[in-house]
Amino acid sequence: MSLNRYEQCIFSYLEVQPDERRHWQMKVMEAVKAAREPARELERELWAYLVERSEHVPALRTLVADDPRRVSLQNLADLILRLWGPLPKPKRPEGAPRD
């Protein structure tokens, strides 16, 4: 999966900030439980997070200052869902009886 520069910068920031990473891991679990489309919900929250954190984090500030228009963070939302979301249920082998 390829991330745009906004997504990569946010993901890199989350990798080195354990408290922020834990916060987003909890957000992923909450989104999976509550939202019908968790990736879309996370994408909106990630954008709000980028805007809010850009006031305090120099690496994120340069992103918003360079190009203040809204960009998609959908690939990042999909990635963190895969990494931090619940494990998918294993597929039943072909020909196995149903429960």
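**Reading side-chain pairs**

Q: How many salt bridges does a search of the whole structure find?

A: Side chains of opposite charge can pair when their charged atoms come close. In this structure, which is a predicted model, a search of the whole structure finds four salt bridges. One of them joins R22 and D19, whose closest N and O atoms are 2.4 Å apart.

Q: Where do R22 and D19 lie, and how far apart are they in the helix?

A: Both belong to helix α2, and because they are three residues apart there, about one helical turn separates them. R22 is partly exposed, with a relative accessible area of 45%, while D19 is exposed, at 57%.

Q: Which salt bridge do E41 and R44 form, and where do these residues lie?

A: The side chains of E41 and R44 meet in a salt bridge with an N to O distance of 3.3 Å, and both residues lie in helix α3, three residues apart, which is about one turn of the helix. E41 counts as partly exposed at 29% relative accessibility, and R44 counts as partly exposed at 47%.

Q: What is the distance between the closest N and O atoms of R40 and E37?

A: Those atoms are 3.2 Å apart, and R40 and E37 form a salt bridge. R40 is partly exposed, with a relative accessible area of 48%, and E37 counts as partly exposed at 45%.

Q: How many aromatic pairs does the structure hold, and why is the pair of F11 and W84 given the name it has?

A: A pair of aromatic rings is described by the distance of the centres and the angle of the planes. The structure holds two such pairs. The rings of F11 and W84 have centres 6.5 Å apart and planes at 25 degrees, so this pair is stacked, because planes under 30 degrees apart count as stacked. F11 lies in helix α1 (residues 5–16) and W84 in helix α5 (residues 74–84), so the pair ties together parts that are 73 residues apart in sequence.

Q: Are F11 and W84 buried or exposed?

A: F11 is buried, with a relative accessible area of 12%, and W84 is buried too, with a value of 15%.

Q: Is the pair of W24 and Y49 stacked or edge-to-face?

A: W24 and Y49 form an edge-to-face pair, with 5.2 Å from centre to centre and 80 degrees between the planes. W24 lies in helix α2 (residues 18–34) and Y49 in helix α3 (residues 38–53), so the pair ties together parts that are 25 residues apart in sequence. W24 counts as buried at 1% relative accessibility, and Y49 is buried with a relative accessible area of 8%.

Q: Which residue lies over the face of W24?

A: K27 lies over that face, at 5.9 Å from the ring centre of W24.

Q: What secondary structure does the chain have, and what is its radius of gyration?

A: The chain comes to five helices and zero strands. A compact globule of 99 residues would have a radius of gyration near 13 Å, but this chain has 16 Å, and its C-alpha atoms fill a box of roughly 60 × 25 × 20 Å along the principal axes. Among the contacts with a separation of 6 or more, 74% are between residues 24 or more positions apart, and 36% of the 99 residues count as buried.

Notes
Residues are numbered from 1 along each chain as its sequence is written. This is a predicted model: local features need pLDDT of at least 70, side-chain atom pairs count only at pLDDT 80 or more; totals for chains, interfaces and linings use all residues. Side-chain values use heavy atoms; hydrogens and water are left out. Rings of Phe, Tyr and Trp (its six-membered ring) pair if their centres lie within 6.5 Å; planes under 30 degrees apart count as stacked, over 60 as edge-to-face and the rest as tilted. Helices (H or I, at least four residues) and strands (E, at least two) are DSSP runs, numbered from the N terminus. Buried means under 20% relative accessible area, exposed over 50%, partly exposed in between (1.4 Å probe, protein chains only). A charge sits over a ring if NZ of Lys or CZ of Arg is within 6 Å of the ring centre and within 35 degrees of the ring normal. The radius of gyration is taken over C-alpha atoms; the globule rule is 2.2 Å times the number of residues to the power 0.38. Contact means heavy atoms within 4.5 Å.
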